[in-house]
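Dear colleague,

Here is the structure I said I would hand over. My notes follow below it.

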Amino acid sequence: MELEIAPMTVKDLEEVLEIEIDSFSFPWSRNSFYTEITGNGYSYYLVCRLKDSKKIIGYGGIWTLFDEAHITTLAVHSLYRQAGIGTLIITRLIKNSLQKGAQKVFLEVRDSNREARNLYEKLQFKVIGKRKNYYLDEDALVMMRDFIETETDIKGSVSLCPDNH
Ligand SMILES: CC(C)(COP(=O)(O)OP(=O)(O)OC[C@H]1O[C@@H](n2cnc3c(N)ncnc32)[C@H](O)[C@@H]1OP(=O)(O)O)[C@@H](O)C(=O)NCCC(=O)NCCS
């Protein structure tokens with residue numbers, strides 16, 4: 001499966017929203033994505049496409065504010081999960097933030113979201129707290145990875161950053 005990664009543009013939003021609606025019980029609106037990619041100078045959003053058909057099969061976003069970054073969203077089309085695409089997207093997001101000077105990366109995840117928690121734990125994120133009722137129907141776990149000591153892991157490692165996709 002040959003893939004390409006590119007910054008998310010307004011033209012991508014229809015396909016992104018299809019995955020969003022299928023992936024989350026409280027999906028973001030088109031306007032939320034639109035604002036993020038056109039009006040937020042701190043954000044970086046990516047899409048992952050199949051090289052041949054150009055079909056979007058995943059996306060993610062991150063904010064970088066000085067030495068801290070915050071992953072805002074991540075989703076992979078249900079037919080293409082468990083093939084390393086989530087790892088690929090998040091790794092690219094984090095690399096971008098580290099290049100801008102981030103040292104710590106934060107995210108929120110549903111307590112019950114075993115798939116995502118496993119993914120983040122595999123990338124050495126640790127639970128550092130909880131936000132009560134963050135998702136209206138459930139608490140969020142706050143996870144963080146501190147790259148000050150382990151920066152080279154993600155900047156240099158082939159296994160964490162499959163640039164060949
Ligand atoms: C979470 C999500 C992005 C993972 O994407 P993915 O492309 O399937 O992830 P990867 O293939 O890169 O998997 C990486 C690791 O995640 C974990 N993981 C992924 N899917 C899993 C599953 N169904 N069950 C358990 N662990 C799983 C595993 O640790 C996996 O490593 P392994 O393959 O060595 O076992 C995807 O399941 C998704 O889009 N879910 C719906 C949206 C969502 O919950 N987003 C996260 C919001 S915080």
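**Sheet and helices**

Helix α3 lies across β1, β2, β3, β4 and β5, and runs at about 25° to β3. Helices (H or I, at least four residues) and strands (E, at least two) are DSSP runs, numbered from the N terminus. Axes are lines fitted to C-alpha atoms, for helices over the stretch in contact, and angles run from 0 to 180 degrees between N-to-C directions.

Please note that this is a predicted model, in which local features need pLDDT of at least 70 and side-chain atom pairs count only at pLDDT 80 or more, while totals for chains, interfaces and linings use all residues. Residues are numbered from 1 along each chain as its sequence is written.

The protein chain has five helices and seven strands, in the pattern β-α-α-β-β-β-α-β-α-β-β-α along the sequence. Seven strands form an open sheet with mixed pairing, in the order β1-β2-β3-β4-β5-β7-β6; two strands pair if DSSP finds at least two bridges between them. β1 (3–7) and β6 (126–131) are at the edges with a single partner strand each, so one side of each has no neighbour in the sheet. On average, neighbouring strands of this sheet are turned by 25° against each other, direction ignored.

β4 and β5 (residues 104–110) run parallel and are joined by three bridges. In this pair, Ala-69 stands opposite Val-105 of β5. Helix α1 (residues 13–23) also packs on the sheet, where it touches β2 (43–50), β3 (56–65) and β4, and its direction makes about 90° with that of β3. Contact here means that the C-beta atoms of two residues, placed from the backbone, lie within 7 Å.

**Ligand**

The ligand is surrounded by 19 residues, and the closest are Arg-81, Gly-86, Thr-87, Asn-118 and Leu-119. A residue is near a molecule if its C-beta atom, placed from the backbone, lies within 6 Å of it. β4 (68–76), α3 (85–99) and α4 (114–122) each supply at least two residues of this shell, and α4 gives the most, with six.

**Tyr-134**

Tyr-134 is in the loop between β6 and β7 (140–146). Leaving out residues up to four places away in sequence, Tyr-134 touches Glu-108, Asp-139 and Ala-140.

Regards
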